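Subject: Structure handover

Hello,

Here is the structure I promised to pass on. Please open it first, then read the notes below.

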Amino acid sequence: MKRPFKTRVRTLKIDGIDVGAREDETILELAQENGIFIPTLCHLEGVHDIGACRLCLVEIKGTSKLLPACMTYAEEGMEVITDSERLTAYRRQVLDLLFSERNHVCAVCVSNGHCELQWLAEKLGISHVGVPYLYPQLPVDASHSFYTLDHNRCVLCARCVRVCDEIEGAHTWDVTGRGVECRVISDLNQPWGTADSCTRCGKCVQVCPTGALFSKGKAVAEMTKRREFLPYLQQMREGRR
Amino acid sequence: MSQTITIDPVTRIEGHSKITIQLDDAGRVSSARFHVTQFRGFEKLVEGRPFHEMPSLTARVCGICPVSHLIASAKACDALLAVQIPPTAVMLRQVLNLAQILQSHALSFFHLSSPDLLLGMDADPANRNLFGVAAQNLDLARDGIWLRQYGQEIIALLGGKRIHPAWVVPGGVSNPLTADRRDTMLAGVADAIARIERTLEWYKEVFGHFDAEIRTFANFPSLFMGTVTRDGELEMYDGNLRIVDATGRIVADQVNPTTYADFIGEAVEPDSYLKSPYYKPLGYPDGIYRVGPLARLNLIDRVGTPLADQEWAEFRMLERGATLSSFQYHYARLIEMLFCVEKIAAFLNHPDILSDHVRARAEPNRTEGIGVSEAPRGTLFHHYKIDRKGLMLWANMVIATGHNSLAMNKGVYQVARHFVRGEKIEEGMLNRVEAVIRTFDPCLSCSTHAFGQMPMRIQLLAPDGEVLDEVRQG
C-alpha cells in the first residue's frame, strides 16, 4: 500500500504523553519511536501491514471501536490508549484463539524458546488457554528439499505471503479457504517441493514468527530466525528506483 | 469365600498402577496381578512428525528418565541418517546417559526404597518416606539427595536443563562441552564415590535382616537380558545383547540389538496397558526374562571399572549362578551407581572430550532405524520408519519396564502368596507386595510428583461385591 507522501506534523497524545508524528506515520510506528510497547504478530518491518492478527488494537478517544495500531495513521488531536484492561482482555483472547485453533505444542516445537507467539503469550501472562482446543489433524509438508511447512504451528499472519511477493517477487505463497479452514498454500495448492515459482531463498522461513516454517534437519528448540535483513533489503531497492 | 484385595494406587513407584490379589475360599492367595492403568499412545501420536523432533518428542514420555529416551531415539535417528557420529559426541552422550542412570538409581534406592530398608516393611506408613529416613539416619538421606542432585547437575551442565534437555540431536549433540563445565562435574567425583561406597557398606549390613523378603521377592529362575561390550563388560550406550539363564549360562551372546524383533515378542495383557515382552524361542509366558541392574550384573563377565569391579566380585558371591532374588536389584543399583561415576570421570578426562566436532549432518538416507541403549531400568528399544521426506510413518518403542512385566506379575504373586493371609488385611503385608514392585523400579512413566499425596485404598471384596474390609492411607 502506498502511503501519502507528505511530511506535515501532527500532534496527539499516546497514553497521556504529548507526541509529534509525521502524517504518514502509523500509531504503531509512533509508539515504537516513543518506547511504548504494543504487541504485534502479523506486523513485520519491511513489508506492508494487513492488520490481520488484531493484537495491536488500541483505544482512541471519541470512537467506540478498537483500531489496529499498525493500520491507523496519526491524526491531529488524537488521544490514543495502548494499554487498558479491556485491551489486555482482547489481546489475551486473540492469543487464546490462536493457541486453541492449531496444535501449538511448544515443548516439542523446533522454535521452542525462539517463537514470537510463545514470547507474546508469556509477555501477556497467558498461563492457560480458556477455550477448548480443536486438535485439528493437519499435515506437515516436507516435500521441499531445504525447508518444511508445519500447518500445526501456523498462525496465518501471512508474513511469508508478503515477503515472498514484495521482497523476493516470487509470490509462491498465498492463502486459501476461510475461517478455521484457511491455509497457507504454495503455487496452485500443491506440495511446496513442486512449486516452480519458489526460488528457495528462504525469506519466508526467516520471517515466520513460529515453527510453521523451518529449515530441514533442525531438532526441537534449534530453529532460530534472522529478520534484520528485511528493512535493509527494502531500503536498498527503494534507493535504486 | 473367595475375595479380591485391590491395592490402588501402588505407592512410591514412578507412574500409576494397581495390584489385585484374589483369595480362595480358604483365605489363601489364588492369584495376584499387577495392572498398569495409564494409557499414553506415543507410538501413534508421533506419526506424521519430522523425525528430527523424535528425541525431544519421545523424551516427553517421562520426566524421570527423559534422557534414556533421548539417547535411544537419537540412536534410531542416527540410523536413519546412516552417519557415523563424531567420537566426542558419543562420549558426551554416554556421560549424559550415565548421569541419568546415576540420578534415577539414587531416586529409586534412597527416595523410594530406603524407607523400607531402614525402617522396616512394617513401620508406620506415615514415616515410611525420605523424611522418616532423615529422622533416623540423616547421612543416608543426605547422601541420597546429594547423589541425585549430582546426576541431575551433570545433565543440566551438558544439556542446559535438568529435565527434558533438547541437547541430544540426530547426528550427535547440539553444543560441545566447555572446560569450566567439565571441571565442575569432575569436582564432584570423589565425593560421589565416597557416598556410594558408604551406602554400599550400610546396605551390606542391613540386607541380612530381610531373609524372608529375599527368598520371596520375585525369586525364581528366569532369563536375564542386557547389553555388554565386545569383552563382556557392562555397557550402557552401545553394546550388543547378551542373554543368560538362571544358572548364569549364556543363552545368546553379542546379538546385534537391531534384530530384536527376531527374538522378542510382545504379548498384550487383557488387564493392563503394559505389554509383556517375552523371549520368542521359549514362547509366552515361558520366555520370561528380566532386565535392569540385577540382570546386567548377572550377565557380564566384569563391570569394567576398578571400584565397581571389586563390589561386583562380592555381589557374585551371593549365589552360585545368577542372583535370582529381585530384592537384590537394590544391591545391583548401588554397584551400577559406582560404575556410572567412575565411567563419567573416565570420559570427562579423555583428551578429546572438549572437541567442537560433535555433530554429523545428513539428509535421511534410510527409511528404517533402530536405536538401543540401556536405561536405568533395562534395555530400551526405539524403532522408527519414515517416508522419503523424513516424516514418521510408524514407531515401536519397547520400554525397559515392559521387559519386566511378566517377572513383576510373577513376583507379586509370589510375595502375596507368602505374606497375605486370612480375611484381615495388615498394612505391612501389602507394603511387601508393593515393595517387590519397587525393587524393579518400574517407570510407569512420569507423574510421580503427585504420588506422595495420593490416598491409597485397599478393599477386601466378597464375590458379590460386598466390602468386607477396607484400609485407607493418606
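Which domains does the domain assignment of chain B give? Domain 1 covers 3-38 + 420-473, and domain 2 covers 220-324. These bounds come from an automatic or database domain assignment.

A word on the source. This is a predicted model: local features need pLDDT of at least 70, side-chain atom pairs count only at pLDDT 80 or more, and totals for chains, interfaces and linings use all residues. Residues are numbered from 1 along each chain as its sequence is written, while chains are lettered from A and ligands numbered from 1 in the order in which they are written.

Back to the domains of chain B. Their contact (C-beta atoms, placed from the backbone, within 7 Å) takes 6 residues from domain 1 and 5 residues from domain 2.

Next, the two chains. In chain A, 13 residues are in contact with 17 residues of chain B.

The end C-alpha atoms are 26 Å apart, which agrees.

Ala192(B), Arg195(B), Ile196(B) and Thr199(B) are the buried residues of α8(B) (20 or more other C-beta atoms within 10 Å of a residue's own; exposed means 12 or fewer). They fall within an arc of 95 degrees seen down the axis, so they line one face of the helix. The arc is taken over directions from the helix axis to the C-beta atoms. These buried residues pack against α6 (138-159) and α13 (329-348) of chain B. The face turned away carries exposed Ala190(B), Ala194(B), Glu201(B) and Glu205(B).

Best wishes

Conventions. Contact = placed C-beta atoms within 7 Å. Helix = DSSP H or I, 4+ residues; strand = E, 2+ residues; numbered from the N terminus. Expected span 1.5 Å × (residues − 1).
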